[in-house]
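Subject: Structure handover

Hello,

Here is the structure I promised to pass on. Please load it before reading further, then go through the notes below.

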Amino acid sequence: MKRLLSGIKPSGDLNIGGYGGALRQYVNLKHDYEAYFFVPDFHAVTVYQDPRKLHQRTRDIAALYIASGIDPRKATIFLQSQVPAHAELGWLLETQAHFGELKRMTQFKEKSDGKDTVSSALFAYPVLMAADVLLYQATHVPVGDDQKQHLELTRDVAERFNNRFGSTFIIPEPIIQDIGSRVMGLDDPSKKMSKSNPNKNSCVHMMDSPEDIRRKFSKAVTDSEGEVRHDWEQKPAVSNLIEIYSVFSEEDISVIEKRYNGQGYGTFKKELAEVVIEKLLPIQEKFHQIVDSSELDRILIDGAQRAAQTASRTLLAAKKAMGFVTF
């Protein structure tokens, strides 16, 4: 069976971009793959994290997986930090990655730009990402626009390792969805929706109240045409809103365009808010039931044990291939 691996970093409050680009896709793909969904908490600490917030946000992401519809009896849900093989294989793969490759990573350039000091972990973490994927012999990895480069590095490192030490890793293929892979800010469609935007109306969070969601969409920028039409070149702000509508309603863009033909933006934005609220309310309810429960503890302990069994086999094979003494 094909195997899927993906995760959401617990470095902030998840917004609806995380639903469109990740959670929704996870739920839709879960029946077609043997699925591993993890919380990459090691990746979060490439920049400073308040320990209490990191602890809670890690639980939050795990709970959102379940609240969004992932069944832990059918998919393995676990925390990266609970499976030591991630760090160990990450180090082994550091020996196969090149300095120039890491230096070219776009996210490193963006996150380090203008900073006096940058942790070495921020520079090297794409190799740990490669280890995350390769440990589970994943055949497929869902990626958004901003992660394509990292998966390309994973493939390059895996092929280099296989060529040097013998066939050890499966070379993963990307899964790239057309709609929802990158949700943009409600105030600026040229920038990804982000918690770091100082304009609080630019970002709709998964835990926002209905009142906040309605207010934020009512303030979303559009254009002067008044036509609900999907055209990223000419109408990026409206196209972004249409894609959000499509993600949360599961309707084709052509259906949405036809429905709001001639109605203007006011009605469209009001009904978009209600579509998002209708999807988020049951997720929020389930989230609050499970996030601080012993049930979540049990799911994560079981998931880590299952993940470790798979990961340890791959790690042992890699160590043997490289010539380490193993027993």
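One caveat comes before the rest. This is a predicted model.

**The second largest pocket**

The second largest pocket has a volume of about 190 Å³. Its lining is made up of Asp41, Pro51, Leu54, His55, Thr58, Arg59, Leu79, Ser81, Gln82, Asp297, Leu300 and Ile301. Two elements give two or more residues to this lining: helix H3 (51–67) and helix H13 (294–322). Helix H3 gives the most, with five residues. By class, the lining splits into five nonpolar, four polar and three charged residues.

**Thr58, from the pocket lining**

Thr58 is worth a separate look, as one of the residues that line the second largest pocket. Thr58 sits in helix H3. Is Thr58 buried or exposed? Its relative accessibility is 7%, and the cut-off for buried is under 20%, so Thr58 counts as buried. Setting aside residues up to four places away in sequence, Thr58 touches Pro10, Val39, Asp41 and Leu79. Of these partners, Asp41 and Leu79 are also listed in the pocket lining.

**Helices H9 and H12**

Next, the helix pair. Helix H9 spans residues 210–218 and helix H12 spans residues 264–290. Their axes come within 9 Å and cross at roughly 150°. The crossing is right-handed. Which residues make the contact? From H9 they are Pro210, Ile213, Arg214, Phe217 and Ser218. From H12 they are Lys269, Leu272, Ala273, Glu274, Val276, Ile277, Leu280 and Leu281. Taken together, the residues of this contact divide into nine nonpolar, one polar and three charged.

**Lys148**

Last, a lysine in another helix. Lys148 is found in helix H8, which covers residues 148–165. Its relative accessibility is 33%. That value lies between the 20% and 50% cut-offs, so Lys148 counts as partly exposed. Leaving out neighbours within four places in sequence, Lys148 is in contact with Val143 and Ile176. I also checked Lys148 against Lys2. These two lysines are 146 residues apart along the chain, and their C-alpha atoms are separated by 20 Å.

Please send back any questions once you have looked through the model.

Best wishes

How values were computed:
Residues numbered from 1 in each chain as written. Predicted model: local features only at pLDDT ≥ 70, side-chain atom pairs only at ≥ 80, totals over all residues. Heavy atoms only, no water. Axes fitted to C-alpha atoms, helices over the stretch in contact; angles between N-to-C directions. Helix = DSSP H or I, 4+ residues; strand = E, 2+ residues; numbered from the N terminus. Left-handed = near helix turned anticlockwise from the far one by under 90°. Contact = heavy atoms within 4.5 Å. Nonpolar A, V, L, I, M, F, W, Y, C, P; charged D, E, K, R; others polar. 1 Å grid on protein atoms, 1.4 Å probe; cavity = no way out; pocket = protein on both sides within 12 Å on 5 of 7 lines; lining within 4 Å. Points joined across faces, edges and corners; volume = space filled by probe spheres on them. Buried < 20%, exposed > 50% of the residue type's maximum accessible area, 1.4 Å probe, protein only.
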